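Please read the points below with the model open.

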Amino acid sequence: MLIRKTAALLLSLSLSATAGLAAAEVPTKIQVKYDQLEILFPDQEPILRNEHTLVPIRPIAESLGFLIDWDPATQMVHFSRNIDQVSLQIGQPIADRNGEKIELDAPAMVIQERTMVPLRFIAEALNYQVDWDGQEKIVQISERSVASPTVPNSPSAELPDESPISDSTVQLGSDVLFNHFYELIKGKKVGLVTNQTGVNSQGISTMESLWKESEIQLTALYGPEHGIDGKARAGAYVKSYEHPEYHIPVYSLYGETRTPTEEMLKNIDVLLFDVQDVGARWYTYMSTLNYCMVAAKKYDIPVIVLDRPNPVGATIVEGPVAEDPFLTFVGVDNLPMSHGMTAGELALFFNRKIDADVTVIPMEGYKRSMLFQDTGLNWIPTSPMLPTLESVFGYMATGLGEGTGVFQSNFTWIGSKALDATGAEKFANLLNGANLPGVIFKAEVKGTAGGATLEITDPYKFNPAKTGIYALAYARMLTNFDVPKSGKTVVMFDKIMGTSKMGEYLEKGLTPQEIEAKYKLGLEQFKKLRKKYLIYGDKPYKVSKPISSDSYK
């Protein structure tokens, strides 16, 4: 086993323990921040001990998305995220990560009934950047820089590169607004819903463009899940604050409220929406669009949606259609898993129920068959867990196992700890035997879990949602996992599925082909309804005017 020394910052596990070790402590205020947001410690403040910084881990580990388990009998602490498994024992200077022994600068210890372990070990082992400001006494944890976006590929086929296509280059809704329909916002107080993806085709942020315009007053910003900079982890509470440069409010729509309040909208004449989606029903950015439209209707504010591509293409429509009892923020309307629509098209679709004053600024040069790589645009990661186009393509194909023990790694592998190497081979063989379009599977064991890695051979034929449903059904056949069930509250599994029927089908042992047949009728009905709200066709779109929701009444 490899033994490594780690650096000297120390981290405590915020878990109750039964014994304590004496510690010489320096009483000083130490802040710990994750991507600039302070992590709060309710009962044990960070301390300095023997020139090492000690901080509680439960708030930190949960902020980073880890599950924690404490075994008082063995004095062992375990925490995990996806395939990463880390364990520590009180009083021992050795930790284990996925079978790799890592030597700590100090043994795990207990202070005030809280277990202490090295911070930089946790951060570096889990690939986080950790910086210590000794003067200000601040520990800063942040995501490491990601590599340049990659695209799915295999020896037999590659996705198109990210250079402009030969017959057109897509101009985004933000480009079209400023170049052709500036009068829609000229002289107005503008609120903007956006994040780091809200840039034009030249990479200039819509926020910056609005701020620099002398004839427009940008008065408020609104951030969806992950915050306006896209750095907060999935599900993390995001606070509102004042923009440090513009000195205007940055309202969080993933904090105290997910719907803009009257107070948030009182100082705007029009609400702009410019956020990149990934094409999956449960990805919450389009839910934020829906909630903004509901608020805009209530407070009589017009909405302008700056359209953007569906990155996995706008032709694949797949999966069960969400039913009314299961509509939540992770499934806000009666959509299938893969809806095959752009943000602007979804806004028009949503508005059949909302009846807000909505205008869509369409893209110039976009057509339905385009993948994101065909647009000539640069991909900007939409959230921390989706840094590349490869992960976006695998998102629906590998991320359906919430609560089942079936999980993904980097959205390019799917498996379970209930599968060993032999089980992984069976899993891959079942998936390959289904002849799913545009993808092949290779058995791979990751840590203590067996599964299969996706290799996309034809991204234009690849059907992410169908692939995910087949993978989940075959995993159930091989592992007989317990299917999560909704009771008084709807479990996350059913929220993602949009129905409890998928769980019922899995429990009955239906094959993926039989499951597909079960939801086919509802899917076909959705496809007919969807046609009314589609903007783009088979040829590059030519913009002649903004698209008003009035024409869809």
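1. Burial terms come first: buried means under 20% relative accessible area, exposed over 50%, and partly exposed in between (1.4 Å probe, protein chains only). This is a predicted model, in which local features need pLDDT of at least 70 and side-chain atom pairs count only at pLDDT 80 or more, while totals for chains, interfaces and linings use all residues. Residues are numbered from 1 along each chain as its sequence is written, and side-chain values use heavy atoms, with hydrogens and water left out.

2. His247 is not a glycine, yet has a positive phi of about 55 degrees. His247 sits in the loop between strand 20 (241-242) and strand 21 (249-252); strands (E, at least two residues) and helices (H or I, at least four) are DSSP runs numbered from the N terminus. With 52% relative accessibility, His247 counts as exposed.

3. Phe411, also not a glycine, has a positive phi of about 55 degrees. Its loop runs between strand 25 (406-409) and strand 26 (413-416). Phe411 is buried, at 8% relative accessible area.

4. The structure holds 14 salt bridges, each being a side-chain nitrogen of Lys or Arg within 4 Å of a carboxyl oxygen of Asp or Glu. One of them joins Lys353 to Asp333, with the closest N and O atoms 3.1 Å apart. Lys353 belongs to helix 7 (residues 343-354) and Asp333 to the loop between strand 23 (303-306) and helix 7, so the pair ties together parts 20 residues apart in sequence. Lys353 is partly exposed at 49%, whereas Asp333 is buried at 1%.

5. Glu455 and Lys442 form another salt bridge, at 3.4 Å from N to O. This pair links strand 28 (residues 449-456), which holds Glu455, to strand 27 (residues 439-446), which holds Lys442, 13 residues apart. Glu455 is buried at 16% and Lys442 partly exposed at 45%.

6. Lys446 and Glu444 meet in a salt bridge at 3.5 Å, N to O. Elsewhere, salt bridges that share partners join Asp333, Arg352 and Lys353 into one network.

7. How do helix 9 and helix 10 pack? Helix 9 (residues 421-433) meets helix 10 at an angle of about 140 degrees, with axes 10 Å apart; axes are lines fitted to C-alpha atoms over the stretch in contact, and angles run from 0 to 180 degrees between N-to-C directions. The two helices are therefore oblique to each other: angles under 35 degrees count as roughly parallel, over 145 as roughly antiparallel, 65 to 115 as roughly perpendicular, and the rest as oblique.
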